[in-house]
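Hi,

Here is the structure I promised to pass on.

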Amino acid sequence: MGTVREIGSFELLQSFATIVIFGATGDLAQRMLFPSLYNLDADGLLGTEVRIHGAARSKLDDAAFRDQVAAALDSHLPEGQLDATVKARFLDRLGYCTVDVDTPADFECLAAKIGPAKGAGVAFYLSTPPSLFAPVVAGLKAVGLTGPATRVAMEKPIGHDLPSSREVNAAVAHGFDEDQVFRVDHYLGKETVQNLLVLRFGNMLFEPLWNSQGIEHVQITVAETVGLEGRVSYYDGVGSLSDMVQNHMLQLLALVAMEPPASYTATAVRDEKVKVLRSLRPLDAATANTHSVKGQYRSGAVDGKPVAGYADELGKASDTETFVAVKAHLDNWRWKGVPFYLRTGKRLPMRHSEILIQFKPVPHSIFSGRGPGLEANCLLIRLQPNEGMSLSIMTKEPGLDRGGVALREVELDVSLTAAFAGQRRRIAYERLLLDLMEGDTTLFVRADEIEAAWTWVDSIHDAWTSAGVIVKPYTAGTWGPSASMGMIERDGASWHEGAQ
Ligand code: NAP
């Protein structure tokens, strides 16, 4: 294992010296992983001994691979962020090995390439199609590339339902113990998502009200403006529920709803998250239509530009949902009776992710008279694109109040982008890759969380089948089928659709 080094305010403990990126020629690696590793190098966070090997099916030598990564850095890092000296140093760390998972000899070749450096720790990052996770682990194990000085990170999705996720987790467990497994949900690498824990547990203000006595409901929205975007083979048959809710949105829900962990450590945080996921009330045929809506976009306009419908992009009719809204309940003491409305979709009017906490109204208003009455407080946490939060509070409008006190709702608005304007916003993967090298699993998803999330998502798929729920069309550039508005409005609430 690597030695202890101190760089700036960071202390790198036992940071692994070799990273192997499987799927190194793919989109995620080129667009996110290599630019993130470059940024870590630029900040002095990769020790001089760190080597990065790419592995994929393409037949490339080291030089051709370096050229490919150099081009990826040029395309995907903002102008001015590339420094010629750092770039040369970074490219120098890179090597490449052709590995087709169906060819056992290729793994021998990888083992030879890593050589004695294995003793200083190897982290494997699987950025391949998920169907390859199990075969890659088997291939690594066969050539002795698993064991105490190794770790494995893998992208979502882990399986496509509970049984298949269990199979993947079991296959990975053949090569790696759970504390060596880093399941990536890149939302957890985002500053604003980590900030949820600081907001809740670093301030006295909110936690006493953070329960069914103080909160009326919670909304979580992840809206995209993009459509299928070439993901045809992956997306159709998967849909928004599996693609977005099972992972990113349930992770957000878990962070909003969890009990305070005893410490900010992997076991404490993940123990509390999994309890939330296990408290999710399953949907069934009786609640499928009242507690969920699935939709699919048809042609319309986004950002003023005409766009085709999903079936037209796909070239055939499909029952895959590109929009889903779910009313979730947590059957536990803290959240009894508080709905969590989750909503995500493609081809919505704007790209944004946000969490809205709707507090309860005051029990009795002492004010009467002019203007609007008392509005209940509302906390809006903006995750992207403009990170920040605003808290709506009631104030008195200035005046002599001859006809009664005039009330006005105003916003306490904090822009995190502005508050930390001088600091570079890091790519979520920078944080996750650094944590992987250092062996900190706090921001990675444990096997039991994945399985609890699939258990709930499977209940919705089953409920849709038993109740015969079909996709409802919505026009691209709108907020999904009107049934989604109906679902929340029946409870006397409405979706937050504010511009950012
Ligand atoms: P991709 O562009 O299709 O790349 C797949 C990579 O896997 C390529 O490097 C490919 O190598 C390699 N590969 C395919 N078959 C192989 C085989 N039999 N043996 C060895 N290598 C093989 O996929 P991606 O978009 O980067 O996605 C990678 C992973 O990240 C997936 O699990 C995906 O679900 C997840 N993910 C991606 C994104 C994203 O934004 N792209 C976001 C979230 C999660 P060759 O090209 O050399 O054949």
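The largest pocket has a volume of about 1,500 Å³. A pocket here is an open set of points on a 1 Å grid over the protein atoms alone, with protein on both sides within 12 Å along at least five of seven lines; a cavity is a set where a 1.4 Å probe fits but cannot get out; and lining residues have an atom within 4 Å of a point. Grid points are joined across faces, edges and corners, and volume means the space filled by probe spheres set on those points.

Before going further, the ground rules: this is a predicted model, in which local features need pLDDT of at least 70 and side-chain atom pairs count only at pLDDT 80 or more, while totals for chains, interfaces and linings use all residues. Residues are numbered from 1 along each chain as its sequence is written, and side-chain values use heavy atoms, with hydrogens and water left out.

By class, 17 are nonpolar, 11 polar and 15 charged; Ala, Val, Leu, Ile, Met, Phe, Trp, Tyr, Cys and Pro count as nonpolar, Asp, Glu, Lys and Arg as charged, and the others, Gly among them, as polar. Helix α1 (27-42) is among the elements that supply at least two lining residues each, along with α7 (191-201), β9, α9, β16 and α14 (428-438). The largest share, four residues, comes from α1. Helices (H or I, at least four residues) and strands (E, at least two) are DSSP runs, numbered from the N terminus.

Now the overall build. The chain has 16 helices and 19 strands.

Nine strands make an open sheet with mixed pairing, in the order β18-β17-β16-β15-β9-β14-β13-β10-β19; two strands pair if DSSP finds at least two bridges between them. Its edge strands, β18 (407-415) and β19 (472-475), each pair on one side only. The twist averages 20 degrees from one strand to the next, with axes as lines fitted to C-alpha atoms (for helices over the stretch in contact) and angles running from 0 to 180 degrees between N-to-C directions. Helix α9 (residues 239-257) packs on this sheet, touching β9 (215-223), β13, β14 (340-345), β15 (352-359) and β16 (378-384), and its direction makes about 145 degrees with that of β14; contact means heavy atoms within 4.5 Å. Helix α15 (residues 447-467) lies across β10, β13 and β14, at about 110 degrees to β13. Within the sheet, β10 (residues 292-298) and β13 (residues 323-328) pair in the antiparallel sense over four bridges, and K294 stands opposite V324 in β13.

An open sheet of six strands, with parallel pairing, runs β5-β4-β3-β6-β7-β8. At its edges stand β5 (94-98) and β8 (181-183), each with a single partner, so one side of each has no neighbour in the sheet. Strands β3 (residues 18-22) and β6 (residues 122-126) pair in the parallel sense over five bridges, with F22 opposite L126 in β6.

Lastly, some backbone details. Cis peptide bonds join K156 to P157, with omega about -5 degrees, and Q384 to P385, with omega about 5 degrees. P157 sits in the loop between β7 (150-154) and α6 (162-173), whereas P385 is in the loop between β16 and β17 (388-396). D303 has a positive phi of about 55 degrees although it is not a glycine.

Best wishes
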